[in-house]
Amino acid sequence: MENIFVTRPSMPSYEEYCAEIRGLWESKWLSNCGEKHQAFQEALCHVLGTDQVELTVNGHMALELSLAALNLRGEVITTPFTFASTIHAIVRNGLTPVFCDVEPSTLTLDAKKLERLLTERTCAILPVHLYGNLCDMDKIGAIAQRNGLKVVYDGAHAFYEEWKGKSVAAFGDITCFSFHATKPFNSAEGGAVSIRDPEIREQFVMLRDFGIRDAESVKLVGANGKMNELSAAMGLCNLRHIEDETKKREHIDQRYRENLQNIPGVSLRPLQAEVRQNYAYFPVLIDAELFGATRDQVFETMKAHHIFCRKYFYPLASEYGCYRDRFGAPEETPVALSASRSVLTLPMYADLPLETVDYISELFRKAGGK
Ligand code: T4K
């Protein structure tokens, strides 16, 4: 039996990619916002229905440079149930993360618990669209507006999604995307931001290129966050196939749902109304008593059969060695804590055959004795 990983990248044909990069051998232009960069950025603006997109080398730099561009000081309210990148971006900007619990159904930041965490030091909210679930953007936006706060969405899992016909890129002050190989849409490594305020966008562009304004002036303490031409070319190719790839993911998602519905102790991710899904991940929450096996037992059983699921996201950020006892205890976010103990993300990628989905589902059921 071959190994089945939690994900595998969508890729264009070898020939399509070679044709896309052929010109680079003549131009010898490989980085610093060349022709492919420009073309990919324009194509993304078209897909996202905005002219506010800037590319980045990865999703992490999108977050880190966005916070830097906003020039914030103080506390940022966020969720501990996320990838390390979200919290590191806050801390590496000299800001203090304040952990808000998540909402039990979407596992995104719980807007109802947000207001009680506000202090005079709060400067921003950094909610995470998780697995393809969107945050309550109406409520979060209203709280931010009432309190004069910036909103930066971590949309690493939400590229191509829409809410009520509007791209996720249209919400908040900034939305950050990841185009990492493991994401539903990839440019090998890469990311992008959608920034509403043109002045902040200008700051961001400078920060992405060492803070350089022109050949003889360096204005800001920037970094190198530029996407290279080979990645931009990969993004351009993959973007041509995004609709087909999303359709394939939808079929896989549906098949899992058919196979795994109504199993005692197993909760599936509810698909939100009025959301155009990208089917980024297929998480299940396991109640060990009802199911008959713990999340970790299921993980090991699957592994023994060459199925490599992941525990996205365990541990909570508040439990990391580098953050423990610094920004609040895991018990202060009980819903997130419970999710991190019970979540298992099953393999999900466009080329996963439906027979393999059936095999994984069967194995999963058996792991709990069902
Ligand atoms: N915010 C959130 C909420 C995020 O989830 C992420 C990234 C970010 C921000 C930051 O975005 P980036 O800076 O990464 O663009 C992976 C990814 O590296 C990371 O992008 C992702 N989230 C996170 C959830 O997952 P790992 O350490 O779990 O990945 P890894 O290398 O174990 O890969 C998982 C599986 O994917 C492998 O078992 C096999 C397959 N794979 C992986 C790669 C890299 C491939 O088939 N081909 C590949 O090239 O972190």
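Select Arg295 first: its side chain reaches the backbone oxygen of Arg341 at 3.4 Å, a polar contact (a pair of N or O atoms within 3.5 Å; within protein, one must be able to donate a hydrogen and the other to accept it, and residues adjacent in sequence count only if both atoms are side-chain atoms). The model is predicted: local features need pLDDT of at least 70 and side-chain atom pairs count only at pLDDT 80 or more, while totals for chains, interfaces and linings use all residues. Residues are numbered from 1 along each chain as its sequence is written, and side-chain values use heavy atoms, with hydrogens and water left out.

Arg295 belongs to helix α10, residues 295–304; helices (H or I, at least four residues) and strands (E, at least two) are DSSP runs numbered from the N terminus. Arg295 counts as buried because its relative accessibility is 3%; buried means under 20% relative accessible area, exposed over 50% and partly exposed in between (1.4 Å probe, protein chains only). Beyond its neighbours within four places in sequence, Arg295 has contacts that include Ile286, Lys311, Tyr314, Val343 and Leu344, where contact means heavy atoms within 4.5 Å.

Continue to strand β17, residues 343–346. Val343 and Thr345 on one side, and Leu344 and Leu346 on the other, are all buried. Strand β15 (residues 282–286) pairs with β17 in the antiparallel sense over four bridges; pairing requires at least two DSSP bridges between the strands. Within this pairing, Leu346 is the bridge partner of Phe282.

Next, display the ligand. Which of the 27 residues around the ligand come nearest? They are Arg8, Asp154, Ser178, Arg310 and Tyr312, a residue being near if one of its heavy atoms lies within 4 Å. Distances from a polar side-chain atom to an oxygen atom of the ligand can be checked for three of them:

- Arg8: 2.7 Å
- Arg310: 2.8 Å
- Tyr312: 2.5 Å

The protein covers 76% of the 920 Å² of accessible area that the ligand has on its own; the areas come from the Shrake-Rupley method with a 1.4 Å probe, and for residues only the protein chains shown count as cover.

Remain at Tyr312 and inspect the backbone. The peptide bond from Tyr312 to Phe313 is cis, with omega near 10 degrees. A cis bond also joins Tyr314 and Pro315, with omega about -5 degrees.

Move to helix α6, residues 198–208. Asp197 caps its N-terminal end, a side-chain oxygen lying 2.8 Å from the backbone nitrogen of Glu199. The buried residues of α6 include Ile200, Phe204 and Leu207, and their cover includes α2 (35–48), α3 (59–70) and β10 (191–195). Just after α6, Phe210 takes a positive phi of about 60 degrees.

Finally, colour the aromatic rings, which form 19 pairs. Trp163 and Phe171 make a tilted pair, 5.8 Å centre to centre with 55 degrees between the planes; rings of Phe, Tyr and Trp (its six-membered ring) pair if their centres lie within 6.5 Å, with planes under 30 degrees apart stacked, over 60 edge-to-face and the rest tilted. Trp163 counts as buried at 17% relative accessibility, and Phe171 counts as buried at 13%. Ring pairs also link Phe40, Phe159, Tyr160, Phe177, Phe179 and Phe185 into a cluster.
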